[in-house]
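Student: I am new to this structure and would like to know what the terms used for it rest on. Please show it to me first.

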Amino acid sequence: MGLPRLVPYLRGLLGVVAVLVAVLLGLLVDVLLLVPGLLLAYVITGTAWQWSGWVPSPVQIPTPWVAMGLALLASLVPALVDYLALRVLRLP
């Protein structure tokens with residue numbers, strides 16, 4: 001098995017690795033955008049918050065429905081950025 005026979009396999013492997021790196025970078029950006037989304041959700045709902053580590057957290061534990069609303073609002077920021085990125089890149 002010579003090198004010319006391995007070239008298509010190496011190109012395919014490189015393509016798979018490139019797609020995996022692109023997906024992981026997209027997920028990393030989404031995770032980093034959750035913090036501003038959470039801050040925005042706290043401001044919109046008027047929930048008092050504090051820094052208690054890496055992620056801002058509410059001063060008092062919210063009820064389940066409020067927590068679900070906060071999570072929905074916080075997840076809209078990465079979703080909007082992903083949508084705009086796909087439109088700018090003209091991907092389907």
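Tutor: Helix H1 is followed by Gly46, whose phi is positive, near 75 degrees. This is a predicted model, in which local features need pLDDT of at least 70 and side-chain atom pairs count only at pLDDT 80 or more, while totals for chains, interfaces and linings use all residues. Residues are numbered from 1 along each chain as its sequence is written, and side-chain values use heavy atoms, with hydrogens and water left out.

Student: What makes residues 3-45 a helix, H1?

Tutor: A helix is a DSSP run of H or I with at least four residues, and a strand is a run of E with at least two, numbered from the N terminus. H1 has 43 residues, so the run counts as a helix.

Student: Where does H1 bend?

Tutor: At Leu34, by about 25 degrees, with Pro36 following within four residues. The bend is the angle between axes fitted to the seven residues ending there and the seven starting there.

Student: Why are some residues of H1 called buried?

Tutor: Buried means under 20% relative accessible area (exposed is over 50%, partly exposed in between; 1.4 Å probe, protein chains only). Asp30, Leu33, Gly37, Leu38, Ala41 and Tyr42 are the buried residues of H1, so each has under 20%.

Definitions and conventions:
Expected span 1.5 Å × (residues − 1).
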